[in-house]
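Biologist: Could you take me through this fold? Please begin with the terms you rely on.

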Amino acid sequence: MKLSSAHFLPHRIAILGAESTGKSTLAHALAAQLDGVLVPEYLREFCDAHGRPPLQYEQASIADEQIRREQQAGHRARAQGLSWVVCDPGPLMTAIYSLYYFNDASLLPAALSWQRSYATTLVCQADIAWEQDGFLRDGPEVRTHIQTLIHRTLDAEQLPWLAIHGQGEQRTTNALSALLSAADRQANP
């Protein structure tokens with residue numbers, strides 16, 4: 001499916017959500033469906049490389065690296081004539097995890113500033129089964145707390161977001177439908 005994004009070149013999509021909400025699966029599916037550039041989650045790469053979750057002092061560099069990779073993807077998309085960059089997730093997730101695990105809100109201002117630059121924010125809801133993923137996931141109760149923090153943070157900052165629900169391919173279809181609606185609203189205010 002090809003969606004037009006004439007007003008945003010490239011149209012950057014942030015996919016947010018707590019652990020085990022299908023962010024990466026959705027991001028891969030959207031990048032393929034939209035013929036866009038995918039920016040994978042640097043936090044996962046960091047954890048895989050180090051065999052552990054990040055420490056508090058490492059959080060800022062992880063968020064910065066995610067932003068750097070998104071900027072590179074935007075340049076790559078423009079050079080290739082592609083209109084979509086799918087970010088899994090944006091650096092706001094690192095800031096929220098830093099707040100939750102370390103009671104450290106220092107990353108929020110920069111992450112929120114960057115969050116404002118996305119054309120669309122999709123928030124994967126916790127309506128799929130929680131799955132263990134080694135040390136990367138702490139459990140359904142943490143997922144609930146993180147999901148609440150995401151909603152509260154976006155709402156407190158009056159940042160628009162679209163809730164994405166559903167199982168399997170229906171989740172992708174719902175996300176594509178939400179993107180179409182958002183693109184129509186932006187094109188025809």
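Modeller: Two strands count as paired if DSSP finds at least two bridges between them. Helices (H or I, at least four residues) and strands (E, at least two) are DSSP runs, numbered from the N terminus. This is a predicted model, in which local features need pLDDT of at least 70 and side-chain atom pairs count only at pLDDT 80 or more, while totals for chains, interfaces and linings use all residues. Residues are numbered from 1 along each chain as its sequence is written, and side-chain values use heavy atoms, with hydrogens and water left out.

Biologist: Which residue is the bridge partner of Ile13 in β3?

Modeller: That partner is Val86. Strand β1 (residues 11–16) and strand β3 (residues 84–87) run parallel and are joined by four bridges.

Biologist: What is the order of the strands in the open sheet?

Modeller: The order is β2-β3-β1-β4-β5, with parallel pairing. At the edges are β2 (37–39) and β5 (162–164), each of which pairs on one side only. From one strand to the next, the twist averages 25 degrees.

Biologist: And which strands does helix α3 touch?

Modeller: Helix α3 (residues 59–80) packs on the sheet and touches β1, β2 and β3. Its direction makes about 175 degrees with that of β2. Here contact means heavy atoms within 4.5 Å; axes are lines fitted to C-alpha atoms, for helices over the stretch in contact, and angles run from 0 to 180 degrees between N-to-C directions. Helix α6 (residues 140–156) also packs on the sheet, touching β1 and β4 (120–124), and its direction makes about 155 degrees with that of β4.

Biologist: Changing topic, how many residues has the largest nonpolar core?

Modeller: It has 19 residues, and those with the most contacts inside it include Ile13, Val86 and Leu122. A nonpolar core is a set of buried Ala, Val, Leu, Ile, Met, Phe, Trp, Tyr and Cys residues joined through side-chain atoms within 4.5 Å. Buried means under 20% relative accessible area, with a 1.4 Å probe and protein chains only.

Biologist: Which elements give two or more residues to this core?

Modeller: They are β1, α1 (23–34), β3, β4, β5 and α7 (168–187). Apart from this core lies another, of 17 residues, among them Leu16, Met93, Val142 and Leu159.

Biologist: What does Val86 touch, leaving out residues up to four places away in sequence?

Modeller: Among its contacts are Ile13, Ile15, Leu30 and Val39.

Biologist: Finally, what percentage of the residues count as buried?

Modeller: Of the 189 residues of the protein, 50% do.
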